[in-house]
Amino acid sequence: MPFRIPLPGLSPAFLGFVGPARQSPEVWRLFVGVILGASCFAATLIGTLHLVLAATGNPSAFDTLEAFQVPSLTNPIWVLWLLLGFGGLSLGMATAARILHGRSPRTLICAPGRPVVQQFCVGVLAAIAALVPGALVVLLWFEPSRNMQVSIWALWMIPALPLVLLQAFSEELLFRGYLQQQLAARFSSRWMWWFLPSFVFGALHFDPETFGRNAPLAALATMVFGLIAGDVTARSGSIGIAVGLHFANNIFALCLFGLDNHLSGLSLYVLPDPARQAAEFGLLSIVDFVGICFAYVVFLAVVAITARSPGSGGRNGPRLPS
């Protein structure tokens with residue numbers, strides 16, 4: 001039998017996940033829902049910024065934004081503020097599910113009976129296993145600078161960890177919960193429900209101002225991560241594993257190894273400014289990208305081997321935690 005790459009498909013678990021979305025699969029509802037989520041995200045950021053600035057006697061949030069004086073994200077307080085804003089995104093997607101689609105927001109998280117917490121833990125452990133070798137390479141090869149004392153960093157982690165979880169959950173709720181689910185309810189092609197949300201996810205992380213000439217590579221790595229998250233969502237029938245992968249990845253990226261002058265306020269170490277030291281960041285991006293691709297290849301190999309064994313999940317892959 002020739003070897004075939006076991007790409008995700010309409011498995012029974014995924015069909016159960018997509019089922020509630022089939023009640024209202026119209027594309028216009030999807031666009032309005034995304035706009036609603038983005039609006040709630042922006043409103044939450046502006047509202048909380050206004051409260052903080054008013055409490056400190058500074059100008060209003062609108063004056064600050066118009067003057068392009070958004071506080072530096074190398075400060076822990078303002079990184080926490082940004083992460084908190086993602087609560088508005090979750091609220092917006094929950095509202096879209098209820099008002100635009102007439103269904104419970106819980107249907108964006110999982111199909112009935114899926115063990116979301118167990119799947120989340122699987123995602124966290126899998127991400128740690130994939131990221132630790134890369135972290136060792138960063139420590140030994142790139143020699144990052146210490147950003148703050150360990151004792152101070154540990155105190156910041158008390159509010160940071162739940163807010164990083166909120167941020168990871170909110171993005172997965174939008175891209176793998178809402179977008180992937182609604183697109184699968186309308187289109188049968190995986191190019192629409194799997195590739196398109198991942199492409200958009202990567203494109204939104206295209207940032208030449210921050211990453212310089214390495215911006216395409218950073219966006220590509222993000223897109224591949226989106227493909228992995230979409231794959232495990234399709235096979236497991238929930239966003240639990242994807243949230244676990246995303247959460248652990250962002251702990252490494254935001255809390256352990258931040259980028260100098262870019263979202264480094266909560267980081268224990270900082271890596272070279274990607275815009276000023278393009279060669280060093282380019283090499284780091286390649287290491288990260290190769291690590292992501294290798295982890296995904298291993299995952300697909302496990303899927304292929306398991307699918308050939310008795311009692312497996314068939315052509316759509318193995319049975320993930322259920």
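Author: Start with contact: two residues are in contact when they have heavy atoms within 4.5 Å. Leaving aside neighbours within four places in sequence, Ser90 is in contact with Leu166, Phe169, Ser170 and Leu173. This is a predicted model, where local features need pLDDT of at least 70, side-chain atom pairs count only at pLDDT 80 or more, and totals for chains, interfaces and linings use all residues. Residues are numbered from 1 along each chain as its sequence is written, and side-chain values use heavy atoms, with hydrogens and water left out.

Reader: Is Ser90 buried or exposed?

Author: Buried means under 20% relative accessible area, exposed over 50%, and partly exposed in between, with a 1.4 Å probe and protein chains only. Ser90 has 11% relative accessibility, so the residue counts as buried. In the protein, 47% of the 322 residues count as buried.

Reader: How many helices and strands are there in the protein?

Author: Helices (H or I, at least four residues) and strands (E, at least two) are DSSP runs, numbered from the N terminus. The protein has 11 helices and three strands. Ser90 belongs to helix H4, residues 76–99.

Reader: What does Phe17 touch?

Author: Phe17 sits in helix H1, residues 12–18. Not counting residues up to four places away in sequence, Phe17 touches a list of residues including Thr107, Cys110, Arg176, Gln181, Thr233 and Ile239. Phe17 counts as buried because its relative accessibility is 0%. Phe17 and Pro112 lie 95 residues apart in sequence, while their C-alpha atoms are 7.8 Å apart in space. For the protein, 77% of contacts between residues at least 6 apart in sequence join residues at least 24 apart.

Reader: What span is expected of helix H10, and how many of its residues are buried?

Author: The expected span of a helix is 1.5 Å times one less than its number of residues. Helix H10 (residues 240–256) has 17 residues and reaches 23 Å from first C-alpha to last, close to the expected 24 Å. Of those 17 residues, 14 are buried, leaving H10 mostly covered.

Reader: At what angle do helix H7 and helix H9 pack?

Author: Axes are lines fitted to C-alpha atoms, for helices over the stretch in contact, and angles run from 0 to 180 degrees between N-to-C directions. Helix H7 (residues 190–203) packs with helix H9 (residues 215–236) at about 145 degrees, with axes 8 Å apart. Among the residues that meet are Trp193 and Phe199 in H7, and Met223 and Asp231 in H9.
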